[in-house]
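Subject: Structure handover

Hello,

Here is the structure we talked about. Please open it first, then read the notes below.

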Amino acid sequence: MPASSLSFRIAVSLAVIGILMGIAMAATQNHAVMPAHAHLNLLGWVSLFLFGIYYKLHPATDVSHLARVQIMVWTAGTVVLTIAVAAIHLGYTAADPVAGMSSLVVLTGMGLFGYLVFKPVSSQTRAGSLQPAE
Ligand code: HEM
């Protein structure tokens, strides 16, 4: 599966969970997990959707194994970070190191994305995308 499709599918799934979290907060008038809701929606929905758009615009990167790895690293970091942030705000301060570790996983995910964005485009890809019409 191309990285963009993977990214869009996970983004939508996490958005549903993030929205349900927001509705639960509003319904119970208990906003304790608001930071977890905000992180899940912004890292899980918005960022993953933006990654997906980038990959869709760069077909050679879209089919690369590393792009799929980047999406999975980002997803793992986001899910664990969201749970840890929720736990901390519910009073389980022992989750603090988990939040710290998962934030580094999220950073690694952005590092991988940065590598894919900055790495030089191969001459083959460049030639392929500039083929004149015959
Ligand atoms: C039906 C959908 C949603 C509901 C019912 C909802 C509900 C809420 C509630 C009740 C709060 C707490 C506000 C407070 O305590 O001041 C909140 C905060 C927040 N939500 Fe949502 N939310 C929804 C969707 C989203 C989405 C899609 C995003 C991002 C793309 C988002 C991002 C945020 C952010 C960043 C905050 C923190 C705002 C602040 O710091 O004051 N929410 N949301």
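This is a predicted model: local features need pLDDT of at least 70, side-chain atom pairs count only at pLDDT 80 or more; totals for chains, interfaces and linings use all residues.

**The ligand shell**

- His31: 2.7 Å from an N or O atom of its side chain to an oxygen atom of the ligand.
- His37: 2.8 Å from an N or O atom of its side chain to a nitrogen atom of the ligand.
- Asn41: 3.3 Å from an N or O atom of its side chain to a nitrogen atom of the ligand.

**H1 against H2**

The two helices that supply the shell also pack against each other. For such a pair, the description is the angle between the axes plus the distance between them. For H1 and H2 the angle is about 160° and the axes are 8 Å apart. An angle over 145° counts as roughly antiparallel, so H1 is roughly antiparallel to H2. The crossing of H1 past H2 is left-handed.

What is the make-up of the contact between H1 and H2? It holds 20 nonpolar residues, eight polar and one charged.

**H1 against H4**

H1 also meets helix H4. Their axes come within 9 Å and cross at roughly 15°. Angles under 35° count as roughly parallel, and H1 and H4 are therefore roughly parallel to each other. H1 passes H4 in a left-handed crossing. H1 thus has a roughly antiparallel partner in H2 and a roughly parallel one in H4.

**H4 itself**

H4 covers residues 65-89, which is 25 residues. From first C-alpha to last, H4 reaches 36 Å. That is close to the 36 Å expected at 1.5 Å a residue. Just after H4 comes Gly91, with a positive phi of about 105°.

Best wishes

Notes: Residues are numbered from 1 along each chain as its sequence is written. Side-chain values use heavy atoms; hydrogens and water are left out. A polar contact is a pair of N or O atoms within 3.5 Å; within protein, one must be able to donate a hydrogen and the other to accept it, and residues adjacent in sequence count only if both atoms are side-chain atoms. Axes are lines fitted to C-alpha atoms, for helices over the stretch in contact, and angles run from 0 to 180 degrees between N-to-C directions. Helices (H or I, at least four residues) and strands (E, at least two) are DSSP runs, numbered from the N terminus. Angles under 35 degrees count as roughly parallel, over 145 as roughly antiparallel, 65 to 115 as roughly perpendicular and the rest as oblique. A crossing is left-handed if the near helix is turned anticlockwise from the far one by less than a right angle, and right-handed if clockwise. Ala, Val, Leu, Ile, Met, Phe, Trp, Tyr, Cys and Pro count as nonpolar, Asp, Glu, Lys and Arg as charged, and the others, Gly among them, as polar. The expected span of a helix is 1.5 Å times one less than its number of residues.
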